[in-house]
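User: Could you walk me through a protein model and the ligand it holds? I am new to this and would like to go step by step.

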Amino acid sequence: MIDLYTWSTPNGRKVSIMLEEVGLDYTVHSIDIGKNEQFQPGFLKISPNNRIPAIIDRDNGLSLFESGAILMYLAEKTSKLWPKTGDSHWRTIEWLMWQMGGVGPMFGQVHHFVRFNKGKAPYAEERYLAETKRLYGVLDRRLAEVPYVAGEYSIADIAIWPWTSRFEWQMIDLKEYPNVLRWYRAIAARPAVQKGYHIPVRQAEIPMP
Ligand SMILES: N[C@@H](CCC(=O)N[C@@H](CS)C(=O)NCC(=O)O)C(=O)O
């Protein structure tokens, strides 16, 4: 049994989608970041960086924060969605790190400056929109070569996909990235993704380009 502390954001959805994919039992604890619940002392003991997502594995008492670490932990625990050996093993890590270091922080800045604070910082808007387009280009070229970023469907796709599901916030027309579009639709059609997307609360449906 896993305790999942989360909210309906791309980083939170990575973990709920993963839990649905691997079929582990889990209990959801909503941490409404709009109400600053991420600063509650009880939550800070699990997630000292005051960010969702976080988990506790009741089997061994281990608590973890940072979505990339959680995805790796759950993959290792279940021997699913992270090939153990060979090229795909390292490709998975490579693209997972690409998401954690690039896609998350850069797309997040677009949400902050373009979606929520438009007109306040034109240079920041220009910079982060350009970087976001560059990253979509990188993803598109990779997906021209392989069906999923590490070859087979893996935790790397689970890390990237929820961020691309906010393509409208990022002023991105997915039709300009045909390989991303194909990959996006294939992942959106997975039952685990459709279920995990709506945790902890059902908001809008998955955007379909
Ligand atoms: N690198 C962290 C980032 C987590 C993160 O930024 N979470 C956001 C929601 S997507 C959050 O909790 N924000 C609350 C805040 O900024 O106080 C991860 O991947 O887990």
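This is a predicted model: local features need pLDDT of at least 70, side-chain atom pairs count only at pLDDT 80 or more; totals for chains, interfaces and linings use all residues.

User: Which residues are around the ligand?

Analyst: Let's go along the chain from its start. Among the residues around the ligand are Thr9, Asn11, Ile33, Gln38 and Phe39.

User: How much of the ligand's accessible area does the protein cover?

Analyst: Start with some contacts. Oxygen atoms of the ligand lie 2.6 Å from a polar side-chain atom of Ser67 and 2.8 Å from a polar side-chain atom of Gln38. Ile52 takes part through a backbone N or O atom, 2.8 Å from an oxygen atom of the ligand. On its own the ligand has 520 Å² of accessible area, and the protein covers 78%.

User: Which pocket does the ligand take up?

Analyst: Here we look at the space that the ligand takes. That space is the largest pocket.

User: Is Gly34 buried or exposed?

Analyst: Gly34 sits in the loop that runs between β2 (26-30) and α2 (41-46). Its relative accessibility is 68%, and the cut-off for exposed is over 50%. Gly34 therefore counts as exposed.

User: How far apart in space are Gly34 and Pro207?

Analyst: In sequence, 173 residues separate Gly34 and Pro207. In space, taken from C-alpha to C-alpha, they are apart by 22 Å.

Conventions: Residues are numbered from 1 along each chain as its sequence is written. Side-chain values use heavy atoms; hydrogens and water are left out. A residue is near a molecule or strand if one of its heavy atoms lies within 4 Å of it. A polar contact is a pair of N or O atoms within 3.5 Å; within protein, one must be able to donate a hydrogen and the other to accept it, and residues adjacent in sequence count only if both atoms are side-chain atoms. Accessible areas come from the Shrake-Rupley method with a 1.4 Å probe; for residues, only the protein chains shown count as cover. On a 1 Å grid over the protein atoms alone, a cavity is a set of points where a 1.4 Å probe fits but cannot get out, and a pocket is an open set with protein on both sides within 12 Å along at least five of seven lines; lining residues have an atom within 4 Å of a point. A molecule sits in a cavity or pocket if more than half of its atoms lie within 2 Å of its grid points. Helices (H or I, at least four residues) and strands (E, at least two) are DSSP runs, numbered from the N terminus. Buried means under 20% relative accessible area, exposed over 50%, partly exposed in between (1.4 Å probe, protein chains only).
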